[in-house]
Amino acid sequence: MDILVAGGGLCGTLAALALSRHRLGVTLLTGSAHPQPIPAATGYSYGGVPWWMGVGDGGKALSGQGLVRWQQLQECHGDLGLRPAALLLHWSAADDNTAVEAGVEALMASLPEGTTPERRGRAAFCRGELQALGLTCAGAVRLPYGRIDNHRYHQAMARLLPSRGVRCSSGAVDRLLVRHGECIGVRLTNGAMLKSDGVVLATGAAMASLLPLPEAFRWFPYSWASVLPLRQPQPCPEVVLMPLLGRRERIERHGGADLVVDPGLAPWGGGLMVGQVTCLQHRSGPVCSPHRPTPLPIPGPWQPSVAEALLRRALAELSPGLAAAARRQQAAVRHCPVSYSPDGRPWVGPCPGIRNLWLFGGFRGAFALAPVLAPLLAEAVAHNDAPAPELGVDPGRLPEDNKG
């Protein structure tokens with residue numbers, strides 16, 4: 001079979017690599033399929049690998065395999081950017097003590113048995129490796145972690161995929177070619193038609209705009225994430241800082257129009273990434289074309305200037321010194337669309353209602369779960385099947401849930 005993989009980010013490259021093991025003809029289309037010229041989310045991600053994440057059965061299935069899978073990939077293919085790291089889940093003096101304690105308890109309940117995070121007060125938290133950052137946090141919980149250096153990963157994949165027989169093209173998908181309920185290829189933005197025996201759609205936030213399905217934006221929504229890259233040298237290169245009481249997942253699960261700010265820091269390209277401000281895109285709306293639904297406008301309270309102001313204010317509260325460095329550098333805030341799944345589980349498997357079309361996206365914790373689930377997707381494509389139903393990742397569940 002000849003398979004087209006649309007999407008040059010983390011999910012698309014991992015899917016193409018996994019498919020290459022099945023003696024399939026694989027072409028990876030790396031061009032942006034999003035209708036607006038905006039940065040891809042993978043390049044501006046923290047790259048964190050929360051090793052305890054899983055799917056199915058309350059997140060227990062496949063849990064703890066993310067780091068193991070990355071280690072296996074590196075043993076087979078060389079350095080893909082995996083770095084050991086520590087995760088610090090912080091809180092501020094303004095956070096409610098009851099909420100902090102509840103957050104610590106929820107974290108403990110989500111970790112494998114025997115894992116004991118190290119809790120640090122302000123005195124222990126802000127000295128040593130973090131002292132140079134001048135952080136104002138009141139405390140944190142420290143966990144062993146891993147992260148993928150995005151720059152190193154993309155450099156390695158550019159070398160690795162052709163060596164595995166994957167044909168890489170900078171083409172961008174304009175729309176899917178669907179005849180009588182079967183996907184037979186894609187049309188590119190330059191007008192070229194590419195026929196294939198199947199298509200894997202791993203285009204992140206662009207997925208809904210490409211799917212010729214009613215209410216695709218309801219099933220395959222995305223949020224906007226605003227981040228700030230800094231050239232400031234990272235004094236603690238293997239530390240990722242995130243808020244214990246992060247609110248992004250909550251609004252993605254339950255909806256809401258307000259902006260939420262989850263201040264954090266992570267290594268990025270020899271400097272730092274500061275993030276993030278999140279706002280949901282509309283999740284449903286009229287379909288203007290049976291072939292290409294037109295994306296709805298940016299929703300209510302979110303505008304780039306507002307998100308930027310909130311992000312810079314959060315940075316000033318978290319680390320005044322880094323905020324001053326951002327002003328000196330005239331660092332620009334980046335706004336990226338990030339796909340997510342309304343029920344918190346990714347979409348891995350055949351697209352409902354369209355034969356020979358598979359979906360791979362909607363991840364929470366993509367750097368932990370995508371490398372684990374990519375081989376299962378490849379098996380499903382090679383054998384025209386679906387991943388094990390007990391994993392709860394079949395995209396067919398979304399329209400079924402919507403009927404209820």
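Which residue is the bridge partner of Arg-119 in β5? In this predicted model, that partner is Val-141. The pair belongs to a set of four bridges that join strand β4, residues 118-121, to β5, and these two strands run antiparallel.

Strand β5 itself covers residues 139-148 and is mostly covered, with eight of its 10 residues buried.

Attention now turns to helix α1 and its packing partners. Helix α1 (residues 10-19) packs with helix α2 (residues 66-77) at an angle of about 60°, and their axes lie 14 Å apart. At such an angle the two helices are therefore oblique to each other, and their crossing is left-handed. On the α1 side the contact is made by Leu-10, Leu-14 and Leu-17, while α2 brings Trp-70, Leu-73 and His-77. Sorted by class, this contact holds five nonpolar residues, one polar residue and no charged ones.

Helix α1 meets helix α11 as well. The axes of α1 and α11 come within 8 Å and cross at roughly 40°. These helices are therefore also oblique to each other, and α1 passes α11 in a right-handed crossing. From α1, the contact draws on Leu-10, Cys-11, Leu-14, Ala-15, Ala-18 and Leu-19. Helix α11 supplies Ala-366, Phe-367, Ala-370, Pro-371, Ala-374, Pro-375, Leu-377, Ala-378 and Val-381. By class, the residues of this contact divide into 15 nonpolar, no polar and no charged. Readers tracing the two contacts will meet Leu-10 and Leu-14 both in the one with α2 and in the one with α11.

Beyond helix α11 lies a loop worth a visit. Gly-392 sits in the loop between α11 (366-382) and α12 (397-403). Is this glycine buried or exposed? Its relative accessible area is 15%, and because buried means under 20%, Gly-392 counts as buried. Setting aside neighbours within four places in sequence, Gly-392 is in contact with Arg-345 and Arg-397. Gly-392 and Val-55 are 337 residues apart in sequence, yet their C-alpha atoms are 7.0 Å apart in space.

Note on methods: Residues numbered from 1 in each chain as written. Predicted model: local features only at pLDDT ≥ 70, side-chain atom pairs only at ≥ 80, totals over all residues. Heavy atoms only, no water. Buried < 20%, exposed > 50% of the residue type's maximum accessible area, 1.4 Å probe, protein only. Pairing = 2+ DSSP bridges. Axes fitted to C-alpha atoms, helices over the stretch in contact; angles between N-to-C directions. Parallel < 35°, antiparallel > 145°, perpendicular 65-115°, else oblique. Left-handed = near helix turned anticlockwise from the far one by under 90°. Contact = heavy atoms within 4.5 Å. Nonpolar A, V, L, I, M, F, W, Y, C, P; charged D, E, K, R; others polar.
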